[in-house]
Amino acid sequence: MTSAFFFAIPIWTIRRLFIKLFLRKIGSGCFFMRHVRFINPFNISIGSNVILNREVMLDGRGGRLMIGNNVDIAQETNIWTLEHDVNDCLLYTSDAADELD
């Protein structure tokens, strides 16, 4: 089983238990819809009263991603902490930590 299976579980209370195992921090009063995807979730912190809608992807590979309190992220939004230079023939990556309030 992959983490995608856990994030597709239709019962929020069970899904939340698995999400708490993966994320660095999760505040109270959060709700994540099904099929939310985390890349390197140990670098992702989420504050209180946060809503992640369907098909949201959060990327923690490039550094810490901190989402503050009272944030609502729209359906199919991708938040990346890693990027590459499209003008570089080797597509080297660069990173930067992000914080959303």
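**Notes on the predicted model**

1. An open sheet of three strands, paired in parallel, runs in the order E2-E5-E8. Its edge strands are E2 (31-32) and E8 (72-73), each of which pairs on one side only. Please bear in mind throughout that this is a predicted model.

2. The pairing of strand E5 (residues 51-52) with E8 is parallel and rests on two bridges. Within that pairing, Leu52 has Ile73 of E8 as its bridge partner.

3. Which residues touch the most other members of the largest nonpolar core? They are Phe32, Phe38, Ile46, Leu52 and Leu58, in a core that numbers 20 residues. At least two residues of this core come from each of H2, strand E4 (44-46) and strand E7 (65-67).

4. Phe32 deserves a separate comment. Once its neighbours within four places in sequence are set aside, Phe32 is in contact with Trp12, Arg15, Ile19, Leu23, Ile26, Phe38, Ile46, Val50 and Leu52. Two of these partners, Phe38 and Ile46, are listed with Phe32 among the core residues that touch the most other members.

5. Helix H2 spans residues 12-22, and within this helix Trp12, Arg15, Arg16 and Ile19 are buried. Viewed down the axis of H2, the buried residues fall within an arc of 105°, and they therefore line one face of the helix. The other side of H2 carries Thr13, Leu17 and Leu21, which are exposed.

6. Are the two partners buried or partly exposed? Asp59 counts as buried because its relative accessibility is 0%, whereas Arg61, with a relative accessible area of 42%, is partly exposed.

7. Of the 101 residues, 40% count as buried, and the chain exposes about 6200 Å², of which carbon and sulfur atoms supply 55%. Among contacts between residues at least 6 apart in sequence, 12% join residues at least 24 apart.

Conventions: Residues numbered from 1 in each chain as written. Predicted model: local features only at pLDDT ≥ 70, side-chain atom pairs only at ≥ 80, totals over all residues. Heavy atoms only, no water. Buried < 20%, exposed > 50% of the residue type's maximum accessible area, 1.4 Å probe, protein only. Helix = DSSP H or I, 4+ residues; strand = E, 2+ residues; numbered from the N terminus. Arc of directions from axis to C-beta. Pairing = 2+ DSSP bridges. Core = buried A, V, L, I, M, F, W, Y, C linked by side-chain atoms within 4.5 Å. Contact = heavy atoms within 4.5 Å. Areas by Shrake-Rupley, 256 points an atom, 1.4 Å probe, with all protein chains shown as cover.
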